[in-house]
Amino acid sequence: MHFGLSEDQAAVRDSVRGFARDKLAPGYLERAKSDQFPWDAHREIAGLGVFGLLAGEEFNPLPAEDFVAAGLAVEELAYADFNLANAAIPVLLMTSLIARHAGEAVRQRWLRPLVGGDAYVCLGLTEPGCGSDVTAIQTTATATADGYLISGEKASVTMLSHGDAIIVIARTTRDGETLGPSAFLVPLDAPGISRSPLQDTGWTPMGRGLLHLNRVEVPASALLGTEGAAFRSVLGGFDFTRPLLALTGIGCAQATLDETAGYVSERQAFGTPLARFEGVSFPLAEHATHLEAARLLCYSALWHRSAGQPHTALAAMTKWYGPYHASQAIRDCLLLHGNVGYSAEFPLEQRMRDVLAVEIADGTAQIQKIIIARELFGRQFVPYGR
Ligand SMILES: Cc1cc2nc3c(=O)[nH]c(=O)nc-3n(C[C@H](O)[C@H](O)[C@H](O)COP(=O)(O)OP(=O)(O)OC[C@H]3O[C@@H](n4cnc5c(N)ncnc54)[C@H](O)[C@@H]3O)c2cc1C
């Protein structure tokens with residue numbers, strides 16, 4: 001076992017770190033409070049090659065698909081700008097899904113603009129009536145002579161306000177026979193689509209929203225993968241988006257911890273720097289430990305993915321453990337800043353609201369523990385969930 005990075009991985013980390021800390025960090029808080037998505041910065045990230053990492057041979061700047069490299073890029077972005085890191089994850093998921101499962105027409109239309117940061121494809125899985133229990137989705141796709149008619153509602157779509165298309169998961173019927181859910185790439189300007197924005201407590205530039213699909217017609221080429229098999233293709237992707245999401249929390253919490261270490265070394269109380277009190281330094285030491293443990297768990301899951309080894313339980317572990325400890329670390333760092341920590345002029349309360357949502361998105365802690373428990377005890381003891 002060794003913990004070193006390959007030359008390629010170190011190069012990705014260093015180039016993203018340099019860009020993120022020099023160019024993104026200074027404007028982070030202003031961007032985080034705006035409902036405009038920072039397309040220019042997103043395109044600059046694309047310029048570093050980040051969005052090609054999982055997009056197949058033609059677009060990958062590295063010789064092979066490398067999920068650890070994707071994790072390093074996301075963590076470095078999150079250290080400087082949580083939202084831009086978060087926005088990168090659906091791009092990595094969608095490029096990977098399209099490269100692996102789409103037909104030529106969809107690949108030609110969407111891969112290059114996605115990799116270049118010029119287009120955005122969202123994910124529509126969660127519905128008003130179900131999120132944790134994805135088997136209960138009600139959106140339908142009915143096969144027609146030359147395509148599908150899709151109707152339903154998607155409740156919680158990240159980047160919906162700014163997106164160009166969406167991968168919709170819909171229960172499929174063909175010739176009266178009900179199949180499982182399938183994945184379809186649906187342009188967001190298709191007739192029959194309407195969008196309603198949500199007012200969120202964080203993730204403001206990411207424009208989350210509700211999507212309504214009223215008999216939306218798509219061609220047969222919109223289908224990704226096999227009819228009725230979306231849970232294998234799309235939900236299999238969650239096994240790498242979960243550690244990536246966890247790394248957004250970890251990167252953001254690490255930045256907060258580093259800033260707080262600086263603050264408590266300067267700020268004085270009772271005639272001495274705060275850092276000299278164990279009541280201040282020990283919680284920070286504990287958070288540093290949890291963040292490092294969470295980080296290693298994430299890179300282990302991503303390494304197993306790259307190596308083609310089982311990693312579903314590992315991915316679930318990252319997704320409850322990482323965001324939970326990231327949230328706790330940011331909360332305690334805010335308190336250690338005293339009254340200034342509570343001010344919206346500093347990034348602490350912003351980060352606390354942003355990272356809290358990582359505990360929900362892509363499945364809550366309870367759902368991750370169901371997945372882990374199922375691996376431990378078997379499906380006969382944990383029958384629910386996908
Ligand atoms: C900021 C943000 C961005 C998101 N982006 C997207 C997106 O782009 N696309 C998309 O499709 N979805 C997205 N989601 C939705 C997200 O995946 C769901 O919110 C999540 O899976 C939980 O589903 P739910 O909200 O319906 O909660 P519910 O399923 O209603 O669960 C409510 C509560 O009950 C608990 N619970 C449910 N079942 C069990 C059980 N068996 N045992 C114990 N506890 C249980 C849950 O843990 C949760 O605490 C996003 C969510 C957020 C907050």
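**View 1. Residues around the ligand.** The shell around the ligand holds 21 residues, of which Leu125, Gly131, Ser132, Thr364 and Gln366 come nearest; a residue is near the molecule if its C-beta atom, placed from the backbone, lies within 6 Å of it. The model is predicted: local features need pLDDT of at least 70, side-chain atom pairs count only at pLDDT 80 or more, and totals for chains, interfaces and linings use all residues. Residue numbers start from 1 along each chain as its sequence is written.

**View 2. Elements and residue classes in the ligand shell.** At least two shell residues come from each of strand E1 (121-124), strand E3 (147-157) and helix H11 (365-377). Helices (H or I, at least four residues) and strands (E, at least two) are DSSP runs, numbered from the N terminus. The element that gives the most is E1, with three residues. Sorted by class, the shell has 10 nonpolar, nine polar and two charged residues. Ala, Val, Leu, Ile, Met, Phe, Trp, Tyr, Cys and Pro count as nonpolar, Asp, Glu, Lys and Arg as charged, and the others, Gly among them, as polar. Domain 2 (122-227) and domain 3 (231-377) each supply at least three residues to the shell.

**View 3. Domain 1 against domain 2.** The chain is assigned domain 1 (7-119), domain 2 (122-227) and domain 3 (231-377), with bounds from an automatic or database domain assignment. Between the C-alpha centres of domain 1 and domain 2 the distance is 24 Å. In domain 1, 22 residues are in contact with 18 residues of domain 2, contact being C-beta atoms, placed from the backbone, within 7 Å. On the domain 1 side, helix H2 (28-32), helix H5 (82-101) and helix H6 (104-115) are the elements that give two or more residues. H5 has the largest share, eight residues. This side of domain 1 divides into 13 nonpolar, six polar and three charged residues.

**View 4. Met159, a residue with positive phi.** Most residues other than glycine have a negative phi. Phi of Met159 is near 70 degrees. Met159 sits in the loop between E3 and strand E4 (165-174). With 23 other C-beta atoms within 10 Å, Met159 is buried; the term requires 20 or more such atoms, exposed means 12 or fewer, and partly exposed lies in between, with C-beta atoms placed from the backbone.

**View 5. Phe270, in the loop between E9 and E10.** Phe270 is not a glycine, yet its phi is positive, about 55 degrees. Phe270 is exposed, with 7 other C-beta atoms within 10 Å.

Methods
Two residues are in contact if their C-beta atoms, placed from the backbone, lie within 7 Å.
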